Amino acid sequence: MSAPVEVVFERRGSGSPLVLLHGIGHHWAAWLPVLDRLAEAHDVIALDLPGFGRSPVLAAGLPKDMRGLVTAVAEVFAALGLERPHVAGNSLGGAIALELAAAGAVSSATALSPAGFCTPRELRWALTVLTLHRNAARLPEPVLRSLFGSPALRALAMGMILARPSAMALDAALADARALREARAFQAVARAGRGYAFAGAPTVPVTVAWGTRDRILPYRQAALARTRLPAARHLDLTGCGHVPMHDDPELVVSVILGTTRTCPAPGPSTTGAA
């Protein structure tokens, strides 16, 4: 018998369950700008994926491929008593959300600028940029605080990830830097994702929404997503960067709820830690 998957999560609200999945090097707090609004309609569970945030690495070791990550998330669902919840994800989390939808493990999926629709060159670019950000996050905290405290320097430091860096609070920017710096699974997941391309065929409601100012996984990748997922709803997140939850929280809330409301998914509500 495999060891249970242990994760840290934040849970708020009531209603049908909605699981939120962050991107590589991020943490559950990436969803804070939209969490309370989503909790007005759902039992929302925002996860720290295994090896990210405060969640430990999988007992079986670092993930070797996307299948291992998807399996781990599905096991978290089981541990929390969630039967086919809704799911929304950003970047890596968006790819996981789509894979879960293709496996029939969720009732709906919303993918925000998901991985899995880029060329090998585009993927190398994305991982290089994120690795450079991770290296910069190792600067002493007083230096980071000074950096993020200056509007001009914050725009320079975070402009590749956010379209509106000034919209993020200083403490949130510092927390993101810590999460990126301390992400134990970063390199393993980056290696595992180098040959990844989404090729599934979900039969549940799916929305793919892309930031028109995404500089990590550029907006042009949305065209390939439309080709590979012709039955999905495809939307533009106008003026948003790679992490749209900070750039336009109300737009992101409306996109996610527009997906979940097409297919209510009642399920048991539990509390605790997986």
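Which residue in β3 is the bridge partner of Leu-20? The close-ups below start with that pairing.

View 1. In β3, Ala-46 is the bridge partner of Leu-20. Helices (H or I, at least four residues) and strands (E, at least two) are DSSP runs, numbered from the N terminus. This is a predicted model, where local features need pLDDT of at least 70 and side-chain atom pairs count only at pLDDT 80 or more, while totals for chains, interfaces and linings use all residues. Residues are numbered from 1 along each chain as its sequence is written, and side-chain values use heavy atoms, with hydrogens and water left out.

**View 2. Strand β2 also pairs with strand β4.** Here β2 runs parallel to β4 (residues 86-90), joined by 4 bridges. Look for Leu-21, whose bridge partner in β4 is Gly-89.

**View 3. Strand β2 is enclosed.** 5 of the 5 residues of β2 (residues 17-21) are buried, so the strand is largely enclosed by the rest of the structure. Buried means under 20% relative accessible area, exposed over 50%, and partly exposed in between (1.4 Å probe, protein chains only). Pro-17, Val-19 and Leu-21 point one way from β2, whereas Leu-18 and Leu-20 point the other way.

**View 4. Two cysteines stay apart.** A disulfide is a covalent bond between the sulfur atoms of two cysteines; the cut-off used here is a pair of sulfur atoms within 2.5 Å. The whole structure has 0 disulfides. For Cys-118, the closest cysteine sulfur is that of Cys-240, and at 20 Å it is too far for a bond. Cys-118 is buried at 14% relative accessibility, and Cys-240 is buried at 0%.

View 5. A pocket is an open set of points on a 1 Å grid over the protein atoms alone, where a 1.4 Å probe fits, with protein on both sides within 12 Å along at least five of seven lines; lining residues have an atom within 4 Å of a point. The largest pocket holds about 430 Å³ of space. Its lining has 25 residues, and those nearest the centre are His-133, Ile-161, Asp-176, Ala-177 and Leu-180. Helices α4 (120-136), α5 (141-149), α6 (151-158) and α7 (170-181) each supply at least two lining residues. Among the contributors, α7 gives the most, with 4 residues.

Conventions: Points joined across faces, edges and corners; volume = space filled by probe spheres on them. Pairing = 2+ DSSP bridges.
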